[in-house]
Amino acid sequence: MPVDDLVNNDLTIMASFGYTSRAWRDVVTLLNAGRIRPGFLITHRFGLGEWEAALSTLRGADSPRGKVLLRIGDG
């Protein structure tokens, strides 16, 4: 996202952190053991060069969507 869009359009980016380090460690352990397979949550995949389409998908999905994934190294 161009920094000018944030500054000139008076946009704010907010995030949240809603888990403990212990909870994160437990989830990573389960993922590494193959006990959790979250791939079905990803409903859209884009190459890094398609970031605008990815943001558009996040902003205006007409249908249910899960996670939007940006692939580094793909067009």
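The accessible surface of the protein chain comes to about 6500 Å², and 56% of this surface belongs to carbon and sulfur atoms. The structure described here is a predicted model, and every value reported below was computed from it. Of the 75 residues in the protein chain, 5% count as buried.

In terms of secondary structure, the protein chain contains three helices and two strands, and when these elements are read along the sequence they follow the pattern α-α-β-α-β. The radius of gyration of the protein chain is 16 Å, which is well over the 11 Å that the globule rule gives for 75 residues, and the chain is therefore more spread out than a compact globule. Taken along the principal axes, the box filled by the C-alpha atoms of the protein chain is roughly 45 × 30 × 25 Å. When contacts between residues at least 6 apart in sequence are considered, 47% of them join residues at least 24 apart. As for charge, the protein chain carries 9 positive and 8 negative side chains, and a distance of 18 Å separates the centres of the two sets.

Helix α3, which spans residues 51-60, includes W51, and both E52 and T57 are also found in this helix. E52, by contrast, is exposed, with a relative accessible area of 55%, whereas T57 has a relative accessible area of 16% and is buried, since buried means under 20%.

Leaving aside neighbours within four places in sequence, T57 is in contact with H44, F46, R65 and V68. For W51, the separation of its C-alpha atom from that of L69, a residue 18 places apart from it along the chain, is 9.6 Å. The C-alpha atoms of E52 and N9, which are 43 residues apart along the chain, are separated by 17 Å.

Strand β1, formed by residues 42-47, contains T43. This residue has a relative accessibility of 40% and counts as partly exposed. Although T43 and R65 are 22 residues apart along the chain, their C-alpha atoms are separated by 5.8 Å. When neighbours within four places in sequence are left aside, the residues in contact with T43 are R65, G66 and K67.

Aromatic rings were considered last. A pair of aromatic rings is described by the distance of the centres and the angle of the planes. A search of the whole structure finds one aromatic pair. In this pair, the rings of Y19 and W24 have their centres 5.4 Å apart and their planes at 25°, so the pair is stacked; the reasoning rests on the cut-off by which planes under 30 degrees apart count as stacked. Both members of the pair are partly exposed, with a relative accessible area of 40% for Y19 and of 48% for W24.

Technical notes
Residues numbered from 1 in each chain as written. Predicted model: local features only at pLDDT ≥ 70, side-chain atom pairs only at ≥ 80, totals over all residues. Heavy atoms only, no water. Helix = DSSP H or I, 4+ residues; strand = E, 2+ residues; numbered from the N terminus. Rg over C-alpha atoms; globule rule 2.2 N^0.38 Å. Buried < 20%, exposed > 50% of the residue type's maximum accessible area, 1.4 Å probe, protein only. Contact = heavy atoms within 4.5 Å. Areas by Shrake-Rupley, 256 points an atom, 1.4 Å probe, with all protein chains shown as cover. Lys, Arg positive; Asp, Glu negative; His and termini not counted. Charge placed at Lys NZ, Arg CZ, Asp CG, Glu CD. Phe/Tyr/Trp six-rings, centres within 6.5 Å; stacked < 30°, edge-to-face > 60°.
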